[in-house]
Amino acid sequence: MNEQTTATLGAARIDLGDLGPRLFRGGLVVGFAALAAAVALGWRDGDQLRHFSFSWLVSFAFFLSISLGALVFLPIQYVTRSSWSVVVRRLAEVIAMALPFLAILALPVLLNLGRVYDWASPQPRLLTPDLAAHKAPFLDPTFFVVRWVFYFAVWTWLALFYWRTSRRQDRTRDAALTRRLVNRSGAAILIFALTCSLAGMDLLMTLDPAWFSTIFGVYYWAGGFVAFSAVLTLITVGLQRSGRLVGIVTAEHFHDYGKLMFAFTFFWAYLAFSQYMLYWYSNIPEETAWYLVRQQSGWQRLGLLLVVGAFLLPFAGLISRFAKRSRPLLVFWAVWIIVLQWFNLYWVAMPVFSPDHVPLGPVDLSCFLAVGGFWIASVSRLAAADRLVPVGDPRLQDSLSFENA
Amino acid sequence: MIRDGLWGLLVEFEDPRRLVAACARVRDAGYRRWDAHTPFPIHGMDEAMGLRGTRLPWIILGGGVTGLGAALLMIWWMNAVDYPFVIAGKPLFGLPAAVPVAFELTVLLSAFAAFFGMWLSNGLPRLHHPLFGSERFRRATSDRFFIVIEAADPQFDRARTRTLLESLGGTVVEEVTDEAED
C-alpha cells in the first residue's frame, strides 16, 4: 500500500463499529415483531395461513434475489478485472454472505409446500391428471427440498469463498489471491447461472405448474440484480451519512451505481417483454393462461404499474449523467426501484393465491418487514466482523482514484 | 484570415501534469479558440480547460425520439391504413408486435445521431488541418503533449500570446502556418 492509499484510508472510518450491534438488534426486533404481526393477521384471515405463506414467499424470493445479485456481482468484478468496484466490494461480499441465513427464512416455505404449491397439495387443481403424472418426477416434494438444500449449499460455498479469500487478503496483501479469485470466477458465474435460474423457476414458476417459460429464471435474476444495485446504493449512502466511507466512495462510484440501476432496469424490462411478446404472438392457450389471469380482476392495473413504474419512469429518470451523479436523485430512484421490484414478484406470485382480486394488505407489509428485518440483522452482523473496505486488494488505489472518463 | 498565414502558436510539453497546469492558465487568461492534444485521455482535463458539457446527449435524444416516432407511424400506416390485412386474428395495429421494430429504429437513429453529431460538433470530415504541417506535432500521437492557441482567437496577439506560452514551462514554442493560404 502506498502513502496516498494509507492517507486516504487513515482519514476515513472504515469499520461498522457501534452501528453493527445497533442494526443487528434493530433488525431482529423489527423481524420478530413483524413476523408475529404477519402470523396474527394471517391467522385472522381464516385461510389456514395461505395468504401469509404466499406473501412470505414473495418477500423471501425478493431478498433472496438481492443476495443472489451480490453473489454474481463478485465474480463479474473479478473476470472483468474491474477496479472501480474494489472500494464497495466488501459490501457485496457481506450481502452475498446473507445467503446461508436466508436458508432459515426459506423454512416457512419448505416446511409448508402444500399450502403454496398446487403440485404439492393433496388435491392439485391446476394440472390435468396426465400432465401431473408427466411432471411428477420433477415436481416431487422430496426432490424439491433436496434441490433447495443443494442450491443453498452451492451458494454458501461460493459466498464463503469470496468473503474468506478477500478477508485473508486484508491481512496478507497477497496479490496471488486476486489471481486465484479471477481464475475461478468464470466457473463461478456458470455455476451461479445454472443454480439461480433453476431456483427462480422452482420458487416462482412452479406456482402455476402448467405454465412454462424458458426465460423465467433470467427474468427473476434480472429483477434481483436491479434491486441489488439499488440496495447497494442505499447502504453506501447510509454508511456515508453515518460518517463512514467518506472520501473513499466518491461521486464517480455513485455514477457507476446509477449505470448499473439504469442498465439492469432496461435488461429486466427487455426480458419481461421478450417473454410477453412471444406468448402474445403465438397465442397458444397453455402459454397465455398465465397472462390472462394477470390481465383481469385488478391485476392488470398492477401490471401497467410495472410497465410504467418499474421500467419507463426509472429509465427516463436515470438516463442522464446528471441524475447518476446526484446522490438525492439516486436515493429516490433506489427506493423506488426496490418497492417496484417487490411489486414485480408480488404480481408474479400472488395471482395464483388470489386470481379474483389483488389482496394487498397489512399481511404483505408485515412479511416484507419481517424478512427485511432478519436480512438486515444478518447483513449487519456479518459486516461488523471486519473492515468495510478490502484494504489488501492490489487495485485499491485504482479504485480510490477512479474517474469516469 | 491572418497576415502572413500564421494559423496559431503551438507549445510542446513532455509531461502530462505540466500540460494540465498550463491548460488551467490558458483558460484563466481568457482564450476561447484553443485546444490541447495528447496521446491518451487525461483525467481532470475537462476542468483544467474549462470545457462545458457537450450538447451531444440532446442530439442523441432527438435521434432516438425521431426513430421511435417514425417506426410507430410507419408500422401503423402500413399495417392499419395502407394495406390492412388480418394475420392470426391479431389487431391491425398491435403494440407488442410494433415494439421490436420501434426499439431497433430508436437505437439505430440514436447511434447515427451520436456518430454524426460527434462529427458535426468536431467539424469533421475534413481533409487537412494546419497542425499537420508541423513536423513536431506528429508526436502528439505517441509521447508529447501540446497546447495550441489559434490566431483567430479574439485575444490573440503574436507577441503577448507567445510570452504567455513561453511562461508555461513547455519545451518549445512554434508558429504554425496555414500553408494552404500561402
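**View 1. Burial and surface of chain A.** Of the 405 residues in chain A of this predicted model, 55% count as buried, where buried means under 20% relative accessible area, exposed over 50% and partly exposed in between, with a 1.4 Å probe and protein chains only. Chain A exposes about 16900 Å², of which carbon and sulfur atoms supply 67%; the areas come from the Shrake-Rupley method with a 1.4 Å probe.

**View 2. Fold and dimensions of chain A.** Chain A has 18 helices and zero strands, these being DSSP runs (H or I, at least four residues, for helices; E, at least two, for strands) numbered from the N terminus. The radius of gyration of chain A is 21 Å, close to the 22 Å that the globule rule gives for 405 residues, so chain A is as compact as a globular protein of that length; the radius is taken over C-alpha atoms, and the rule is 2.2 Å times the number of residues to the power 0.38.

**View 3. Surroundings of Phe138(A).** Phe138(A) lies in the loop between helix H8 (129–135) and helix H9 (141–172) of chain A, and is partly exposed, with a relative accessible area of 37%. Leaving aside neighbours within four places in sequence, Phe138(A) is in contact (heavy atoms within 4.5 Å) with Phe143(A), Arg147(A), Leu198(A) and Asp202(A).

**Notes.** Residues are numbered from 1 along each chain as its sequence is written, with chains lettered from A and ligands numbered from 1 in the order in which they are written. In this predicted model, local features need pLDDT of at least 70 and side-chain atom pairs count only at pLDDT 80 or more, while totals for chains, interfaces and linings use all residues; side-chain values use heavy atoms, with hydrogens and water left out.
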